[in-house]
Amino acid sequence: MIKIKDALNAIAFILTLVLVLYGFSKGYDLIEFFIYDIYFLVVIIAQILNLFEE
């Protein structure tokens, strides 16, 4: 059964992908690029840790 935590993590991951892809399509300035990339990496690491968590 899918837990609420897993569903929220999946939604956050999908929204992050949308945010990054939207930024690539409209164009980033340098500061936005680093902020979004750092945020994106943090979300990916959090998802990987959640995947291996028991």
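These are my notebook entries on what I looked up in this predicted model.

**Ground rules.** I number residues from 1 along each chain as its sequence is written, and I keep in mind that side-chain values use heavy atoms, with hydrogens and water left out. Since the model is predicted, local features need pLDDT of at least 70 and side-chain atom pairs count only at pLDDT 80 or more, while totals for chains, interfaces and linings use all residues.

**Overall form.** I looked up the secondary structure and found 2 helices and 0 strands in the chain, where helices (H or I, at least four residues) and strands (E, at least two) are DSSP runs numbered from the N terminus. I then turned to the extent of the chain, whose C-alpha trace spans about 40 × 15 × 10 Å along its principal axes. The radius of gyration is 13 Å, whereas a compact globule of 54 residues would have one near 10 Å; the radius is taken over C-alpha atoms, and the globule rule is 2.2 Å times the number of residues to the power 0.38.

**Surface and burial.** The accessible surface of the chain comes to about 4,700 Å², and carbon and sulfur atoms hold 77% of that surface; such areas come from the Shrake-Rupley method with a 1.4 Å probe, and for residues only the protein chains shown count as cover. Of the 54 residues, 15% are buried, a word that I use for under 20% relative accessible area, with exposed for over 50% and partly exposed for what lies in between (1.4 Å probe, protein chains only).

**Helix H1.** Which residues of H1 are buried? I found Asn9, Thr16, Val20 and Gly23, and what covers the buried residues of H1 includes H2, with contact meaning heavy atoms within 4.5 Å. Just after H1, Gly27 takes a positive phi of about 100°.

**Ile11 and its patch.** Ile11 lies in H1, which runs over residues 4–26, and Ile11 counts as partly exposed because its relative accessibility is 48%. Together with Ile4, Leu8 and Leu15, Ile11 makes a nonpolar surface patch of about 440 Å². For such a patch, residues need over 30% relative accessible area and no salt bridge, and nonpolar side chains (Val, Leu, Ile, Met, Phe, Trp, Tyr) are joined within 5 Å, like charges within 9 Å; a salt bridge is a side-chain nitrogen of Lys or Arg within 4 Å of a carboxyl oxygen of Asp or Glu.

**Ala7.** I also looked up Ala7, which is in H1 and is partly exposed, with a relative accessible area of 32%. The C-alpha atoms of Ala7 and Leu49 are separated by 15 Å, although the two residues are 42 residues apart along the chain.

**Helix H2.** H2 has 23 residues and reaches 34 Å from its first C-alpha to its last, close to the 33 Å expected. Asp37, Phe40 and Val43 are buried in H2, and what covers the buried residues of H2 includes H1.

How values were computed: The expected span of a helix is 1.5 Å times one less than its number of residues.
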